[in-house]
Amino acid sequence: MREKLTDETALVLISGFDTYVREFNELTDLTPAFFKARDWKAMQQNHRKRLRLYKDQVRTTCQLLSEMLLENANSFDFWKTAKSHYSLLISNKKDKELAETFFNSVIRKSYSGLAINEDLMFVHEGYNSCVIYPNDNLYHSYPSDWGLKKIIQKILEDFDFGVPYMNKEEDIEFLIKSVKDVILTRYIPSAESTTQVLKSVFYRNKGAYVIGRIKIGNKWMPFIIPFLNGPKGVFADTMIFDPNLMSGLFSFSRSYFMVKADIPSQMISFLNAVIPNKKIHELYNAIGFNKHGKTEFYRDFLSHLSQSHDNFVLAEGVKGMVMTVFTLPSYNVVFKMIKDYFDPPKTMTRQEVREKYKMVGLHDRVGRMADTHEFEEFHLPLDRIDPTLLEELLSTVNSLLYTTSDELILKHVYIERKMVPLNIYLENCTTEEARQAVEEYGDSILEMAKANIFPGDMMTKNFGVTRQKRVIFYDYDEIEFLTDMNFREKPIPETYEQIYASSPWYDIAQNDVFPQDFKRFMIGRNDVKNHFFDFHTELFNPDNWKEIQSKILSGQGIHAFSYPQKIRFRPGEEI
C-alpha cells in the first residue's frame, strides 16, 4: 500500500512540475507578439504572471499531496522512498535540474519543520553525468567564407521579429563597422573562423537581445546586439563587446529575461562561455529560473563554506533600524534578517516588510534594485559565528534563531549581493569618484521613479556601489509605488508664528512628499554637494515628479537601457 502511495506521490510531483514548465513556456512564447505589437503594458503583466507561476504551482501540488498523504506527510522513510522514485522518473528529462528544485520546494512546504536534509532533498545534484545534446537547435552558425557583410545580412534576416526594419541597410553598416573597429583591427579571420548566434531571443522591457560569439584568432569573442522596436520599425541599437557591459545585462539588479530555453543547462553552458564572470546561479536567475538559481547559489555557498575558514561578522555600515545585516567576508553576499523590534520612527510590522520585498520581487528592477533570495531554516556552523555577531543576533532577531550543538539555524533570512554602502564609499573615494557616485545616486532614484518606485528612505546608507561603480538601492522597507505619493511644494511661511513654529504649521498627509527637503539629507560631502544639486536639479522639483507620475498613469512605459546611451548607433532615437 505504501509502495503504491510513493509511486502516486512521485507522479503528482512530476505532473506538477510538467504543468509549471508548460505554463512557463506558454507565457514566454507570448513575448515576441508583445514586442511586435509594442504592447509594453502586456509585456510587463505577462512577466509578473510568470514570476508568480512557480509559487502557485508549488502550492497547488502541495494541496494535492496533503489530501493524499495524511499521516505520511511527515514520515522520513516515506519521503526518502518518494525521492528515489521521483529520481528515476526525471532521469531522462532535459530539465531534470529544475525538476529536482521543484521537488525540494514541495517537500519543504509539505513536511512540517523540515530542515535541509541530503536524504530527503536534492541538496546536491542527484545525478553524476548529463546527456550531451547536439547544438543544432541552440544556435545559428555562419561560416567565415561568407564574408562579414553576408554574415550580418543573414543575422538580420534570421531575426526579423515580424516587423519591418526601420533602416536595415544602415543597421548592416553600423554592425559591420562595429565588428571591424573592435575585432578585425586585432584579429585576422581564417578558414576556421565562425560565428554562432543563439536562436532564442532574450526579451526584457522594450528590448530584444541577440547573443552570439565569433571564433577568431583561436579564441571566442562574444557579442550582444540589442534590438528596439520604435514607431518607425525595428532597429539594431548598438553592438556590445565590452565584457563589463555584457555582465551588466545579466546583473542581479535587473529583471529576468523572457527567453525560450528548451534545454536550460545547454543554454546556461553557452552563456557561461560568453559571460564567464557570471556564476551559474546568476545565469539561471537571468533566464527566469530563479528558484533553481537559488538552489545553485546554495550549492555554491556550501562549497565555499567547506573551503574557507573566516567567520561570519556584522556587515560594515550604519546599523539598520529594521534589518540586522551580516556577512562572510570571503563571500560576496550579505545576510539580512528582520528585527524583532524596530527602532523609532519605524512603525511597520515584520509582515509589512516582507510584503515590500515581495513587491520588489514582482517589479521591474530596472538595474537599480538588488535581487534577493529568501530562505527559511538556513543553517550556519555555530563555530564560525563571530561572538560580537552572535550577541547582536540574539539581541535583535532572537525569535528567528535556534541552535543545535554545532549549528545556528536562521528561520528566515534574505540574501543579497554584497556592495559597498554608498555613505562609506563617499567617505573614502576621491573627489572625481565621488562626483561620479553622486551622479549615479541621483540617476538610480530617477530611474526607479520612472519604473513607478519611490524609495522612501533615500539616505545614502540605503544604497550600495557595485564593482562597476553602479549605484544600487537595497533597503526596501519604505518603498511605495510612485503613483501613490503626493508631491507638494513646501508652503512659504507668512506670519511670525509660522516662521518660528517648532513643528510644521500646515497639514501633512502620510503620502505627502516635499522634494525641496531632499537637499537636507541626501549628500553630506561638501566638495560634491553643490555638484549633485546642480546635476540633479529635477530631484528637488515637485513638478518633475508629477510629470513622471502622469506618464506612468497614461501608460507610457520607460525602457531601462542596460548600456550607456553614448554607444547607441542612433542616440536619441525614439522608442
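Ile499 is partly exposed, with a relative accessible area of 49%. That class lies between buried, under 20% relative accessible area, and exposed, over 50%, using a 1.4 Å probe and protein chains only. Ile499 sits in helix α16, residues 496–499. Helices here are DSSP runs of H or I with at least four residues, strands are runs of E with at least two, and numbering starts at the N terminus. Together with Tyr496 and Tyr500, Ile499 forms a nonpolar patch on the surface, with about 410 Å² of accessible area. Patch members have over 30% relative accessible area and no salt bridge; nonpolar side chains (Val, Leu, Ile, Met, Phe, Trp, Tyr) are joined within 5 Å, like charges within 9 Å. A salt bridge puts a side-chain nitrogen of Lys or Arg within 4 Å of a carboxyl oxygen of Asp or Glu. Areas come from the Shrake-Rupley method with a 1.4 Å probe, and for residues only the protein chains shown count as cover.

The model is predicted: local features need pLDDT of at least 70, side-chain atom pairs count only at pLDDT 80 or more, and totals for chains, interfaces and linings use all residues. Residues are numbered from 1 along each chain as its sequence is written, and side-chain values use heavy atoms, with hydrogens and water left out.

Now to the covered positions. Phe202 belongs to strand β3, residues 202–204. Phe202 is buried, at a relative accessible area of 0%. Contact means heavy atoms within 4.5 Å. Not counting residues up to four places away in sequence, Phe202 touches a set including Phe250, Phe257, Met258, Met267, Leu271 and Ile287. Lys150 is 52 residues from Phe202 in sequence and 23 Å away in space, C-alpha to C-alpha.

Asp237 lies in the loop between β6 (233–236) and α8 (243–249). Asp237 is also buried, with a relative accessible area of 0%. Leaving aside neighbours within four places in sequence, the contacts of Asp237 are Pro226, Leu228, Phe561, Tyr563, Ile567, Arg568 and Phe569.

Glu100 is placed in helix α5, residues 96–110. Glu100 is buried, at 2% relative accessible area. Beyond four places in sequence, Glu100 touches Ile90, Phe122, His124, Glu125, Gly126, Tyr127 and Arg299. Gly442 is 342 residues from Glu100 along the chain, and their C-alpha atoms are 42 Å apart.

Next, strand β9, residues 333–338. In β9, 6 of 6 residues are buried. In a regular strand the side chains alternate between the two faces of the sheet. In β9, Val333, Phe335 and Met337 are buried on one side, and Val334, Lys336 and Ile338 on the other. Strands pair if DSSP finds at least two bridges between them. β8 (residues 323–327) runs antiparallel to β9, joined by 5 bridges. Thr324 stands opposite Met337. A hairpin through 5 residues links β8 to β9. β9 is also joined to β14 (residues 413–417) by 4 bridges, again antiparallel. Here Val334 faces Glu416.

Last, an open sheet of 3 strands, in the order β11-β13-β12 with antiparallel pairing. β11 (378–381) and β12 (401–403) each have a single partner strand, so one side of each is left without a neighbour in the sheet. Neighbouring strands are turned by 25° against each other on average, direction ignored. Axes are lines fitted to C-alpha atoms, for helices over the stretch in contact, and angles run from 0 to 180 degrees between N-to-C directions. β11 pairs with β13 (residues 407–410) over 4 bridges. Leu380 has Leu408 as its bridge partner in β13.
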